[in-house]
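Hi,

Here is the structure I promised to hand over.

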Amino acid sequence: MNMKKGMTLTERNTSFTELSNFITDATAWFQTPMEWLRKYYSAVLEREVSSKQASYITQAQLALILAILPIIPSLLVQVLNFAWFGFALYKCKKANKST
């Protein structure tokens with residue numbers, strides 16, 4: 001009976017390890033494109049850009065594109081996208097001052 005419990009515990013540990021490895025791999029896979037963008041922005045701006053700054057720059061670009069070329073033809077959606085664009089620019093400027 002003790003061996004059965006030990007085997008079950010081992011199986012759970014193996015499953016947990018596999019899940020942990022999967023989460024680690026998935027996180028790295030999702031962070032890779034952001035790292036590429038960060039390096040790209042650093043090269044274009046000719047100075048080091050942090051991950052947070054790269055995120056704000058990407059948000060500003062996406063918000064501007066969605067505001068100019070809306071997917072949903074609604075004035076409210078366009079206004080919200082322009083507001084998002086303004087907020088992203090503000091965050092870019094604020095993040096730039098802190099470095």
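**Helix α3 and its surroundings**

In this predicted model, the 24 residues of α3 should span 34 Å at 1.5 Å a residue, and the end C-alpha atoms of α3 lie 35 Å apart, which agrees. At the start of this helix, the backbone nitrogen of L76 has a side-chain oxygen of S74 within 3.4 Å.

Which residues of α3 are buried? They are N81, A88, C92 and A95, and what they pack against is α2. You may find it handy to keep the general rule in mind here: an α-helix has 3.6 residues a turn, so residues three or four places apart point the same way.

**The nonpolar core**

Two of those names, C92 and A95, turn up again in the largest nonpolar core. The elements giving two or more residues to the core are α2 (51-68) and α3 (75-98), and α2 provides the largest share, with three residues.

**Confidence**

Before you set anything up, here is how the confidence looks. The chain has a mean pLDDT of 84, with 85% of its residues at 70 or more. Among the elements, α2 has the highest mean pLDDT (92), while helix α1 (residues 2-45) has the lowest (76).

Best wishes

Note on methods:
Residues numbered from 1 in each chain as written. Predicted model: local features only at pLDDT ≥ 70, side-chain atom pairs only at ≥ 80, totals over all residues. Heavy atoms only, no water. Core = buried A, V, L, I, M, F, W, Y, C linked by side-chain atoms within 4.5 Å. Buried < 20%, exposed > 50% of the residue type's maximum accessible area, 1.4 Å probe, protein only. Helix = DSSP H or I, 4+ residues; strand = E, 2+ residues; numbered from the N terminus. pLDDT = per-residue confidence, 0-100. Expected span 1.5 Å × (residues − 1). Contact = heavy atoms within 4.5 Å. Polar contact = N/O pair within 3.5 Å; in protein donor to acceptor, adjacent residues only side chain to side chain.
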